[in-house]
Amino acid sequence: MSRTRLAIAAMLLVTAALASAQQSQKATERKLKEVRKEIREVSTERKEIGGERIDANADLKAAQQKVGDTSRAVAKTDADIRSQQGVLDALETKRVELETHLQTQQKALAALVRQAYLAGDNAPLKVFLSQDRVAEGQRALTYYAYLQRDRSARIHSINADLAALKQTREDIVHKQGELQASRQKQQAQLLQLEQDRKSRSALLAQLDVQYQQHVEREQTLGQNAKQLEGLLASLRAEAARAARERQLAAERARKAAAEEAARIAKEQAKAEDAARAKGLPPPPPPKREPPKQVVHGPMIQVGGLGWPVSGTLLAGFGGELPDGGSSSGLLIAAAAGTPVRAVADGRVVFAEWMNGYGLISIVDHGNGYMSLYAHNDALLRDVGATVHRGDAVGSVGTSGGLSRPAVYFELRRNGSPVNPSVWLQKR
């Protein structure tokens, strides 16, 4: 192949690499935009959950305070009930003592009544006349009157004490009933408050879990964003490098074309001078060399372990594609829907439609190597997905304008195509 053709082919390869890098850059920018949007959404949700956590924590604190207040109220009511019971027990003891004393007084009074009955209606007079002297009779009569009044006063006092004791006991029993009713009400409130406290505690625990999940998700998305930013920077650098190479390749192509044109013109002029010197007609201009093509003959079957697909080789490296273009890879025909497999471990850096290639997937294998799988009818891995050798990245189709199902496979190193057949055999 002439220097001009080599320069033009190099320029085309660099242009294809630049287009691929630009497509990868756009896909990465779109993915980065989506990740940043999700980060904002997750951050907003995290802040909302944080606010709910603050409210739930305040509600839990208030519920715990109410439980504590009600528990103290129940304890005070229990203490009041015990205190009232103690007073009631003391009053009961006093009542028994008063009733015993009253019974003694009643027995004494009964004896006095019997004596008065035996003495008849003029008992005081009989007491007076039973004495030998008048003075002693008067004194005995006075003592008798005192004794009668004292006994009567004591009986009246004891009856009053018993009546007051009875009223006090009734009041205490009533108070105890009120305290018991209040205690039951407080116990019911305490049970409800405890249930409410547990419910709020469970809600707070759930919000804590959700908050932590959003924090972790936000951190993961942040890491993804950093990785995408790094990839985007590398793709931009690759695009800039490819642009520089394209410019240099274009310069080389123009220079080679000019040199080739000058060489051809010089050879043509020399041939014409020689022909004129011999009196012959000028020779025709030289023909351009046709591009190298795959030798036509029996269909070549390729494939096996490590190949993207097994099938019929339609165009080899450097051969002619069905549309007349030069092949920088392999075009392999296979049944529609056949899985297209990655030829080595790597990461998907491009997965969408591209003019001339249809649905195309590009895998970065590191060390400057990238593999390209075009004309799929479906892409099975998204950008950013990690793939291993043999993993399906697409399925054979006709997208991009093929007349029959096939996959177009290229292998590039540092943006330049390499013969994949040799590389696949080494795999």
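The following dialogue examines how the terms applied to this predicted model rest on computed values.

Student: How do you know what confidence the predictor has in the protein?

Tutor: The pLDDT is the predictor's confidence in each residue, from 0 to 100. The protein averages 76, and 74% of the residues score at least 70. Over residues 289-298 the pLDDT is below 50; beyond near neighbours in sequence, this stretch has twelve contacts in the model, a contact being heavy atoms within 4.5 Å.

Student: Why is Tyr408 called buried?

Tutor: Buried means under 20% relative accessible area, exposed over 50%, and partly exposed in between, with a 1.4 Å probe and protein chains only. Tyr408 has 4% relative accessibility and therefore counts as buried.

Student: Why is His375 placed in one class and Asn367 in another?

Tutor: The relative accessible area of His375 is 6%, so His375 is buried. Asn367 has 71% and is therefore exposed. His375 belongs to strand 7, and Asn367 to the loop between strand 6 and strand 7. Neither is a glycine, yet phi is positive in each: about 70° for His375 and about 55° for Asn367.

Student: What makes a stretch of residues a strand or a helix?

Tutor: Both are DSSP runs, numbered from the N terminus: helices are H or I over at least four residues, and strands are E over at least two. Strand 10, for example, spans 406-413, and helix 4 spans 420-426.

Student: What makes the largest nonpolar core a core?

Tutor: A nonpolar core is a set of buried Ala, Val, Leu, Ile, Met, Phe, Trp, Tyr and Cys residues joined through side-chain atoms within 4.5 Å. The largest such set has 23 residues, of which Ile332, Val343, Tyr373, Val393 and Leu424 touch the most other members. Two or more residues come from each of several elements, including strand 3 (330-333), strand 10 and helix 4. Strand 10 gives the largest share, three residues. Another core, of 14 residues, lies apart and includes Leu321, Leu331, Leu372 and Tyr408.

Student: Why is the pair of Tyr357 and Tyr408 called tilted?

Tutor: Rings of Phe, Tyr and Trp (its six-membered ring) pair if their centres lie within 6.5 Å; planes under 30 degrees apart count as stacked, over 60 as edge-to-face and the rest as tilted. A search of the whole structure finds two aromatic pairs. Tyr357 and Tyr408 stand 6.3 Å centre to centre with 40° between the planes, so the pair is tilted. Tyr357 sits in the loop between strand 5 and strand 6, 51 residues from Tyr408 in strand 10.

Student: What makes strand 10 a partner of other strands?

Tutor: Two strands pair if DSSP finds at least two bridges between them. Strand 10 is joined to strand 3 by four bridges, in antiparallel fashion, with Ala333 opposite Ala406. Strand 7 and strand 10 share six bridges and also run antiparallel; Ala374 has Tyr408 as its bridge partner. Three bridges link strand 10 to strand 11 (residues 416-418), again antiparallel, and Arg413 stands opposite Ser416 there. Seven of the eight residues of strand 10 are buried.

Student: Why is Pro420 called buried, and what is in contact with Pro420?

Tutor: Pro420 lies in helix 4 and has 0% relative accessibility, so Pro420 counts as buried. Leaving aside neighbours within four places in sequence, the contacts of Pro420 are Phe317, Gly329, Leu330, Phe409 and Leu411.

Student: What makes Arg53 a charge over the ring of Tyr211?

Tutor: A charge sits over a ring if NZ of Lys or CZ of Arg is within 6 Å of the ring centre and within 35 degrees of the ring normal. Arg53 lies over the face of Tyr211, at 4.5 Å from the ring centre.

Technical notes. Residues are numbered from 1 along each chain as its sequence is written. This is a predicted model: local features need pLDDT of at least 70, side-chain atom pairs count only at pLDDT 80 or more; totals for chains, interfaces and linings use all residues. Side-chain values use heavy atoms; hydrogens and water are left out.
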